[in-house]
Amino acid sequence: TYEQLTTEMLTGARVYGSNDEDIGEVSELLLDDSGKIKEAVLDIGGFLGLGEHRIAVTMDEINILRNEDGDDVRVYVDATKEELEAQPEYDG
């Protein structure tokens, strides 16, 4: 469950698309007033911080997997890199 995940664990996690391709990373998490994660901001594409397309997705749109040790967190989104790059840019 998301309660066991900290923002430190999720921030910087790799994001994988519907074809299991590495399409970016989680750049930040947006919290609601009670401190629960409501949205994740993803940096899609780009290289070394250049040319990235930043979008915000709700927690319902992503699937978070982590290994038994809890040190490897992966975020999966059911969309291709191209579909995500077509979404409006997040500029929070």
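**Close-up views of a predicted model**

View 1. With a relative accessibility of 8%, Ile62 counts as buried, because buried means under 20% relative accessible area. Keep in mind as you look around that this is a predicted model. Ile62 belongs to strand β5, which covers residues 62–66. Now find Glu39, which lies 23 residues away from Ile62 along the chain. The C-alpha atoms of Ile62 and Glu39 are 9.7 Å apart.

**View 2. Asp20, a residue with a positive phi.** Most residues other than glycine have a negative phi. Asp20 is not a glycine, yet its phi is positive, at about 65°. You can find Asp20 in the loop that links β1 (14–16) and β2 (22–31). Is Asp20 buried or exposed? Its relative accessibility is 54%, so Asp20 counts as exposed.

**View 3. A negative patch on the surface.** Four residues to look for here are Asp78, Glu82, Glu83 and Glu85, which form a negative surface patch. Asp78 sits in the loop between β6 (73–77) and α2 (81–85). Asp78 has a relative accessible area of 73%, so this residue is exposed.

**View 4. Stepping back to the protein chain.** Which elements make up the chain? There are two helices and six strands, and from the N terminus their order is α-β-β-β-β-β-β-α. The radius of gyration is 13 Å, close to the 12 Å from the globule rule for 92 residues, so the chain is as compact as a globular protein of that length. Its C-alpha trace spans about 30 × 30 × 25 Å along the principal axes.

Key: Residues are numbered from 1 along each chain as its sequence is written. This is a predicted model: local features need pLDDT of at least 70, side-chain atom pairs count only at pLDDT 80 or more; totals for chains, interfaces and linings use all residues. Side-chain values use heavy atoms; hydrogens and water are left out. Patches are made of residues with over 30% relative accessible area and no salt bridge: like charges are joined within 9 Å, nonpolar side chains (Val, Leu, Ile, Met, Phe, Trp, Tyr) within 5 Å. Accessible areas come from the Shrake-Rupley method with a 1.4 Å probe; for residues, only the protein chains shown count as cover. A salt bridge is a side-chain nitrogen of Lys or Arg within 4 Å of a carboxyl oxygen of Asp or Glu. Lys and Arg count as positive and Asp and Glu as negative; His and the chain ends are not counted. The place of a charge is taken as NZ of Lys, CZ of Arg, CG of Asp or CD of Glu. Helices (H or I, at least four residues) and strands (E, at least two) are DSSP runs, numbered from the N terminus. Buried means under 20% relative accessible area, exposed over 50%, partly exposed in between (1.4 Å probe, protein chains only). The radius of gyration is taken over C-alpha atoms; the globule rule is 2.2 Å times the number of residues to the power 0.38.
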